[in-house]
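Please keep the sequence and the 3D view at hand while reading.

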Amino acid sequence: MTREPRDWEAYYRKTRDRPPRPTLLDALDRFAAPGFAVDLGCGEGRDTIELLRRGWHVLAIDQELAAIEGLRARPDLPKAGRLETEVAAFEDAIWPKVDLVNASFTLFFCRDGGFPALWRKIVASLRPGGPFAGQLLGEHDSWAGRADVVIHDAAALDRLIAGLEPEMRRVEETDAVTPRGEAKHWHLHHLVLRKPA
Ligand SMILES: C[S@@+](CC[C@H](N)C(=O)[O-])C[C@H]1O[C@@H](n2cnc3c(N)ncnc32)[C@H](O)[C@@H]1O
C-alpha cells in the first residue's frame, strides 16, 4: 500500500485556534511547578502554547517546516516559558531527558516500522515520575490497514505500556469528520502514563 501525501497546512489552518488537548491538561495538573517538556508532532502548537503559558521550557518538534514557522509566528505566543523548536521526524530526533513527553494525535504516523524504537526513546527520555501524554489508534479505527498508520489493539497496548503507570487510559470510538473534511471512524486510546519513580 502506498503512502498518501498529507496536506498538513490545511490541517493547521483549521485547528490553530483550538484549545490544548485534555491528555496534556491531565498530565500538567499533576505538576506543582513547570519543568522541561518535549512536544512531538507539535503542529502549530496548541499544546506547546499551553505549556509555555504555564512557564514550561518546551522543545517543540515537527517534521513540517510550516508547523514550526506557524508556531513561531503565532500572535498568542506567550512571553512566559522558553521555546526551542526543531524541524525533524521524531524517529530521527534526539532530545535530552525531560519531565514530560507530549505527543498529541501524532505517534500513529510513525514511519516504516520505526514505532518500537521511537517508543523506547520516549520512555528512556522521561525522568523518573514523568508522564507521557498522547494518543494511539485502536484496531477499529478507519485508518487501520493503511501502510502509513500504526495501530495498537488492546493486547499490543498492554504490552507497550507494561512497566508504566496508567493515569489515564481512556478509549474513545466516534464517527467524525477530520479537520480536513474526511469522514472518519476514530478508535482512540487517550493515554497519560507515568514512568515509575
Ligand atoms: C494531527 S497533527 C497533530 C498536531 C498537534 N500535536 C495537535 O494535537 O493538534 C500531526 C502532526 O504530526 C506531525 N508528524 C507526523 N509524522 C511525523 C513524524 N514522523 N515526525 C515528526 N512529526 C510528524 C505532522 O507534521 C503534524 O504536524
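Phe-105 is found in the loop that joins β4 (100-103) to α5 (115-125). The model is a predicted one, and Phe-105 in it has a positive phi of about 50° although this residue is not a glycine. The points below begin with that loop and then turn to the chain as a whole, its helices and its strands.

**The loop between β4 and α5**

- Phe-105 has a relative accessible area of 16%; because buried means under 20%, Phe-105 counts as buried.
- Asp-112 also lies in the loop between β4 and α5.
- The phi of Asp-112 is near 50°, a positive value in a residue other than glycine.
- Is Asp-112 buried or exposed? Its relative accessibility is 71%, and since exposed means over 50%, Asp-112 counts as exposed.

**The chain as a whole**

- The protein chain contains 6 helices and 7 strands.
- Read from the N terminus, the elements follow the order α-α-β-α-β-α-β-β-α-β-α-β-β.
- The radius of gyration is 16 Å, close to the 16 Å that the globule rule gives for 197 residues, so the chain is as compact as a globular protein of that length.
- Along the principal axes, the C-alpha atoms fill a box of roughly 45 × 40 × 30 Å.
- Of the 197 residues, 53% count as buried.
- Among contacts between residues at least 6 apart in sequence, 69% join residues that are at least 24 apart.

**Surface and charge**

- The protein chain exposes about 9,300 Å², and carbon and sulfur atoms supply 52% of that area.
- There are 28 positive and 31 negative side chains in the protein chain.
- The centres of these two sets of charges lie 3 Å apart.

**Helices α1 and α3**

- Helix α1 spans residues 8-15, and its buried residues are Trp-8, Ala-10, Tyr-11, Tyr-12 and Thr-15.
- Against which elements do the buried residues of α1 pack? They pack against α3 (46-53), β2 (57-62) and α4 (65-72).
- Leu-52 lies in helix α3.
- Leu-52 counts as buried because its relative accessibility is 1%, where buried means under 20%.
- Neighbours within four places in sequence aside, Leu-52 is in contact with Val-58, Leu-77, Pro-78, Ala-80, Gly-81, Arg-82 and Leu-83.
- Leu-52 and Gly-134 are separated by 82 residues in sequence and by 18 Å in space, C-alpha to C-alpha.

**Strand β7 and its partners**

- Strand β5 (residues 131-137) pairs with β7 in the antiparallel sense over 7 bridges.
- Within the pairing of β5 and β7, Gln-135 stands opposite His-190 in β7.
- Strand β6 (residues 165-177) also pairs with β7 in the antiparallel sense, here over 12 bridges.
- Which residue of β7 stands opposite Glu-165? It is Arg-194.
- The hairpin of β6 and β7 has 5 residues between the strands, and Gly-181 in this hairpin takes a positive phi near 85°.

Definitions and conventions
Residues numbered from 1 in each chain as written. Predicted model: local features only at pLDDT ≥ 70, side-chain atom pairs only at ≥ 80, totals over all residues. Heavy atoms only, no water. Helix = DSSP H or I, 4+ residues; strand = E, 2+ residues; numbered from the N terminus. Rg over C-alpha atoms; globule rule 2.2 N^0.38 Å. Buried < 20%, exposed > 50% of the residue type's maximum accessible area, 1.4 Å probe, protein only. Contact = heavy atoms within 4.5 Å. Areas by Shrake-Rupley, 256 points an atom, 1.4 Å probe, with all protein chains shown as cover. Lys, Arg positive; Asp, Glu negative; His and termini not counted. Charge placed at Lys NZ, Arg CZ, Asp CG, Glu CD. Pairing = 2+ DSSP bridges.
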